[in-house]
Amino acid sequence: MPHDAHDSPAPESGAALASLLARIEARTAVVAVVGLGYVGLGIAGAFARGGFRVLGIDRDESRIGQLQRGEAPHHHLGADFVATLLATKRFAATTDASRLGEADAVLICVPTPLGPGDAPDLADVRAAAAAVAATLRPGQLVVLESTTYPGTTREVLLPALTAPRTPALGAAGPELVCGRDVFVAFSPEREDPGRGPMSTETIPRLVGGLDEASRTAAMALYGAVLQRVVPVSSAEVAEAAKLLENIYRAVNIAMVNEMKMLLTAMGIDIQEVIDAASTKPFGFQEFRPGPGWGGHCIPIDPYYLAWKAREAGQEARFIALAGAVNRAMPDYVLARAREALAARREPDDVVPQGDLLSGARVLVLGLAYKRDIDDVRESPSLRLLDLLLKAGAHAEYHDPHVPAVPAAHGGLPVSQPLAALRSVPLDAVRLAAYDVVLIATDHAAIDWALVARSARLIVDTRGVLRGVPGVVPA
């Protein structure tokens, strides 16, 4: 596969690097993937399809059971993804981290959520690093793919790997030296669930090593199965580039959400404004508003840089403002719902005391954070439902891809009323019984004509029913 640049191994890297590069070239190298979420499974599939033997490791026994049965844990991967992966005879899934010693290359693809005070929570990265260190041997390549702040690979991963205590060398064995004995790099994932025809193999991949030899090893590994591999000068550059990609999206999502609120107050259709602006062939990229932000990357990653910036005595003002706007969107949506309910009251109706949503029957359409996937991580729909339940509404949801609310969200248990919810069927009688229907996710599988025809009051955060009389934009 072509590279964007050629790297020569450092002279001091010696036989360990040469042996690793030879195994990669011959496709006899074993690749271990730690963390089999949508990122880990994506890259595991690319290496298995590319002719490498892949060992998938995850501590979630239920997920390993699914994979061993040929079941896809993520809807967007496709019903036959795992079966096809197993059919290669080059993929095995296990919870046994001691088997990491079998691998020539270890890719760490674990979650990096937020902790208290929006600080980075690297517990899973540290646990993965400890597991890798326990079996680390000379000649192995370790790559961190999890999105994180600049410096994590060098300051957190490397010390765990190179401390002089690897059982493979014996208790008194020599310290492993990065760039000579082992090789360490950062290569950020760029998966985008539900994006469409773009596969893991076709998405350009950044690679930044902790030294020249590590970069050379990582470039060779990814270049064996990916169409384009882009070297950068350091792991820190690769870490910062991934954050920039996601902060760019977070800031623009916040900007268009704020524009929606401003223009709605002026009686101007934000969707038509975006359509008009999109006719400009340069200097403008289309972003669409919604009920907030969702997914692992956009609501989480900007705060990693903000935290690191504070360490350097700097303030990430755009990140803070984007976060404030996007986190406030569910409250704005419910304010629009209250306004819509108030506007529908007849002059002789009894004016209810307290919150207009108290006692109202409300249906949220879509639980996933974006269309046509089953991923609910950081979904604004969860926040909408939580706020509705706390307001006293009789809230339900429908999502053709998410049959039940997950027991945990953002690493924490969801509230008991929220955890009890299951996706309800969608039919004309049920739709007509709701006081308000909130469109939160524009899944293609939802019969929008049925919704428009049957619901009494619709509040639309996605513009999916724009132009339909009586639909309230939010």
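**Aromatic pairs in this model**

F287 is buried, with a relative accessible area of 12%; buried means under 20%, exposed over 50%, and partly exposed in between, with a 1.4 Å probe and protein chains only. Keep that residue in mind.

Some ground rules. This is a predicted model, where local features need pLDDT of at least 70, side-chain atom pairs count only at pLDDT 80 or more, and totals for chains, interfaces and linings use all residues. Residues are numbered from 1 along each chain as its sequence is written, and side-chain values use heavy atoms, without hydrogens or water.

Now the pairs. Rings of Phe, Tyr and Trp (its six-membered ring) pair if their centres lie within 6.5 Å; planes under 30 degrees apart are stacked, over 60 edge-to-face, the rest tilted. That rule gives six aromatic pairs.

Why is the pair of Y248 and F287 edge-to-face? Because the ring centres are 5.9 Å apart and the planes stand at 65°. Y248 sits in helix α8 (residues 235–265), and F287 in the loop between α9 (270–277) and α10 (297–311), so the pair ties together parts 39 residues apart in sequence. Helices here are DSSP runs of H or I, at least four residues, numbered from the N terminus. Y248 is partly exposed, at 41% relative accessibility.

Next pair. W293 and Y303 are also edge-to-face, 6.3 Å centre to centre, with 75° between the planes. W293 is in the loop between α9 and α10, Y303 in helix α10, ten residues apart. W293 is buried at 8%. Y303 is buried at 8% too.

Last, a cluster. F47, F52 and Y222 form one aromatic cluster.

Key
Helices (H or I, at least four residues) and strands (E, at least two) are DSSP runs, numbered from the N terminus.
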